Amino acid sequence: MSRIPVPFRRLLTPVVLAGALLGSACGSSDGDLGPDSRLEQSLVTNFTDTVVLPTYQRLATRLTELDASVQALRNEPTQAKLDAARAAWFAARVPWEQSEGFLFGPVDSERYDPALDSWPVNRTDLDAVLASGDVLTPSYVRNLQETQKGFHTAEYLLFGDGGTKVPADFAPRQFEYLTAITAELKAVGDALAGAWTQTKDGKPPYRETLTTAGQAGNAAYPSLQSAAQEMVGGIINILDEVANGKIAAPYDAKDPDLVESQFAYNSLSDFTNNMRSVENVYLGHLSDTQAQGQTLRDVVGVDSELDVKVRAELAASIQALAAIPEPFRESIRAPAAAQRIEAAQAAINTLKRTFESQVLPLVNR
Amino acid sequence: MRAAPMTFFASRSFLMSLCAVSLLTSVPGDAQDAPPPRPPLTLDIGGYADLQFAYFNHGENQNRAGGSQRDSRMAFDTTRLVMELEAGLPEYGLKAEMEVEFEHGGTGASLELEYEEFGEYEMEVDRGGEVLVEELYLAKTLGPNVTLSVGRFYVAVGTLSEFYRPTDYLGTIRDEAETLVIPNTWDEMGLQVKWRIPWGLRLTGQVVNGLDSTGFSSQRWVGAGHQRRFELTRATDLALVVRADVTRFNGISFGASAYYGDTTRNRPKPDLVRQCEDTNPNVVAPCGYVSAPLLILDAHLSVNRGPWRAKALMLFGHLENAELVSQRNTRLSNLLDVLRSPVSDNALAMWGELGFNVAPSVGLSDAHQVVPYVRLDYADTQFKPRETLFNNPRFRRTVYTVGAAYTLRNIAVAKLDFSHRRLGSDAFRPENTVRLSTGFSY
């Protein structure tokens, strides 16, 4: 979900920077680690290699699979192919939402985030494209507004409103549009994963930028603290966004159009995967892998009081989200769900405050 | 239109006093080195201000399906306060003019809700600030009819380069059409020649720095290509402006202007270069830059005769290689804070307003003007685009305005109007606005 993260991230930038300044002011002047620091170089290396790269690689693979399944649907518009394409869309959402705990680096600066995940979909503009008769060349699709392509436009075309669409509902023009969008999604997914591992336009792979944090000549991350602050800042940003953007904005306005993934009824899954993203960054590995170096949990202290608290609050947040009935777009208007929605919001905000007030100071040292 | 200048001549006695002070404070040996008296200096202090009180029946976000939602909201704005100072040395035909504008009553960083980016909060450090030096130039008269200026001045395109004070136009705001597609108001640095031909023709020629194409977009066409982001203005690509105005007829002027200049070498980074095999790593762009020249043509009219007040403009613009600019812009860094939507090859803007002074008919003296008026604005920032660009009707707008403007001795002003905006498709909800503005021009 591109649009809301960027803003909150930007709002938090001064906080993180202030923390960085404070940290560097308290530490030695040239960015070397002070005697108090618990940070090791393997913190960023492990985070990059065990969390970021596999997540983006998985995203690129699943977007490729989504594109292939949509091509197959276009060639043979059966219910089975439609189900497969929808399953591919759901599958691709998982790594993307699990990457939103680290929406920095190329995904931000190269604008891959809005290119993939702008919402809400502007259906008026979308309908105008469908009605235009223009040839949907790759160049044409690339030039469309960000809310006329990406995950959620594909979602609208694939699912209709609430997943009611059947193969017979697809006009040839819709297939043309859908396949053009998924081809673009695939290209963006490849570019995003590539930006971390390949040199492009003279820019070194972002992996190199991050993993050499604190080493001589690294202007982006002059100290290990600055890289660790980026990691914790990413966590705080997504927690803020889920609680006070993704949940609060549509709930307060009672406006289903503001709900992310509203057509596929996938909103709560998205939010939960955002929590998993936080968990992955904190634990330093994905659910099916092992950490290969220091993790944020190590910095906090494994099984320390704070670690127990963080993990308990994470679990509580995920549990609170599970208690909200899907579809979230209906729940925001249902009085019976109000308490649960507010409870989930509160749980996530509690976790956010813990990261802000207790974890961030640890990496600032 | 403007008040007579307040002119001060440094009197002989004042200068004598200065000399006396100088003599008293200097050591005796320096007495014979006292500087010669300064020549008479004329000073002309002026300025204008504009305050806005607006009611809207629609939400701010036009990007919603169906256009902006129904809403009922008000916004107040200290739109601008502009201070002007002209200093002249008449005996040498020299003049310096400076104009500083304070926009929205504040300076520094501001937080904006950017709906073109779908409800993002944007922390904007208003580059160059919300305090802007809009004019700062030195002018030298060359004979009675020719003036040469160097510095920062208004680009002689459209109506707003000349008629930008709240007493100059009838609406509560500057015309929406012109301010949408080109910078508002458009000032650049360079050299300017003005030649008044006695017959009643005024010719203007300018060489100024060109625009920066990273700011071009679907929403504003080249309007946000105005260089305000960085401390220095890039002028690798220059633009040429020529303008002719017929001023022979009392109270009526009309004319045309043309602007032509490239835009790609003023980008912050040399990122729009021609690709070639024979690269030389020691040269920034071994095979040159992609050329994306911008052409703007306009015809304009102004009437201020008897009870009639009118303005009209038709402006057409064409950007060569708009597709290449768009493709490159989509890959710009977030940190540059530009829209990155594709820019159209062409844009069209038209506007006109017509009013009639009824003050005499209601028994008011010449000091007052009461001018009911109508205004029409039309702008299409995606006018006849290339085939590969979706011609989005969202970027076509027509605004119908009716209102009345009151001015007292052409200094104090109060205006009220109602405008009805329609976007280029019935799928978008129309938007109504009532505005009250007040201010002064002196």
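Predicted model: local features only at pLDDT ≥ 70, side-chain atom pairs only at ≥ 80, totals over all residues.

Colleague: Let's start with helix packing. At what angle do H11 and H16 of chain A cross?

Modeller: H11(A), residues 224-253, and H16(A), residues 335-364, cross at roughly 165 degrees, and their axes come within 9 Å. That makes H11(A) roughly antiparallel to H16(A), since angles over 145 degrees count that way.

Colleague: Is the crossing of H11(A) and H16(A) left-handed or right-handed?

Modeller: H11(A) and H16(A) have a left-handed crossing.

Colleague: And what classes of residue make up the contact of H11(A) with H16(A)?

Modeller: There are 18 nonpolar residues in the contact of H11(A) with H16(A), along with six polar and four charged ones.

Colleague: OK, next pair. How are H12(A) and H14(A) packed?

Modeller: H12(A) and H14(A) pack at about 165 degrees, and their axes are 9 Å apart. So H12(A) is roughly antiparallel to H14(A). Their crossing is left-handed.

Colleague: Which residues make that contact between H12(A) and H14(A)?

Modeller: On the H12(A) side they include A:Leu268, A:Phe271, A:Met275 and A:Tyr282. On the H14(A) side, A:Val310, A:Leu314, A:Ile318 and A:Leu321 are among them. By class, the contact of H12(A) with H14(A) has ten nonpolar, two polar and four charged residues.

Colleague: What about H6(A) and H9(A), what's their angle?

Modeller: H6(A), residues 123-132, packs against H9(A), residues 172-197, at an angle of about 115 degrees, with the axes 9 Å apart. The crossing of H6(A) and H9(A) is right-handed.

Colleague: Which residues meet there, between H6(A) and H9(A)?

Modeller: From H6(A) you get A:Leu126, A:Val129, A:Leu130 and A:Ser132, and they meet A:Arg173, A:Gln174 and A:Tyr177 of H9(A). In the contact of H6(A) with H9(A), four residues are nonpolar, two are polar and one is charged.

Colleague: Switching topic: how many residues does each chain put into the contact between A and B?

Modeller: Chain A gives 30 residues and chain B gives 35.

Colleague: And what area is buried between chain A and chain B?

Modeller: About 2,700 Å² is buried between them, with carbon and sulfur atoms giving 47% of that. Why quote an area at all? Because the size of an interface is often given as the accessible area lost when the parts come together.

Colleague: How many salt bridges are there between chain A and chain B?

Modeller: Three salt bridges are counted between chain A and chain B. One salt bridge joins the side chains of A:Asp257 and B:Arg64, at 3.6 Å from N to O.

Colleague: And how many salt bridges over all chains?

Modeller: The count over all chains is 46. Within chain A, A:Arg207 and A:Asp49 have side chains that meet in a salt bridge, 2.8 Å from N to O. A:Arg207 lies in H10(A), residues 206-211, and A:Asp49 in H2(A), residues 41-75, so this pair ties together parts that are 158 residues apart in sequence.

Colleague: Last topic, the backbone. Which residues does a cis peptide bond join?

Modeller: A:Trp119 and A:Pro120 are joined by one, with omega about 0 degrees. A:Pro120 sits in the loop between H5 and H6 of chain A. Another cis peptide bond joins A:Glu326 and A:Pro327, with omega about 5 degrees. A:Pro327 is in the loop between H14 and H15 of chain A.

Colleague: And what is phi of A:Tyr265?

Modeller: Phi of A:Tyr265 is near 55 degrees, a positive value in a residue other than glycine. You'll find A:Tyr265 in the loop between H11 and H12 of chain A.

Terms used. Residues numbered from 1 in each chain as written. Chains lettered and ligands numbered in written order. Heavy atoms only, no water. Axes fitted to C-alpha atoms, helices over the stretch in contact; angles between N-to-C directions. Helix = DSSP H or I, 4+ residues; strand = E, 2+ residues; numbered from the N terminus. Parallel < 35°, antiparallel > 145°, perpendicular 65-115°, else oblique. Left-handed = near helix turned anticlockwise from the far one by under 90°. Nonpolar A, V, L, I, M, F, W, Y, C, P; charged D, E, K, R; others polar. Contact = heavy atoms within 4.5 Å. Buried area = accessible area lost by both parts, 1.4 Å probe. Salt bridge = Lys/Arg side-chain N within 4 Å of Asp/Glu carboxyl O.
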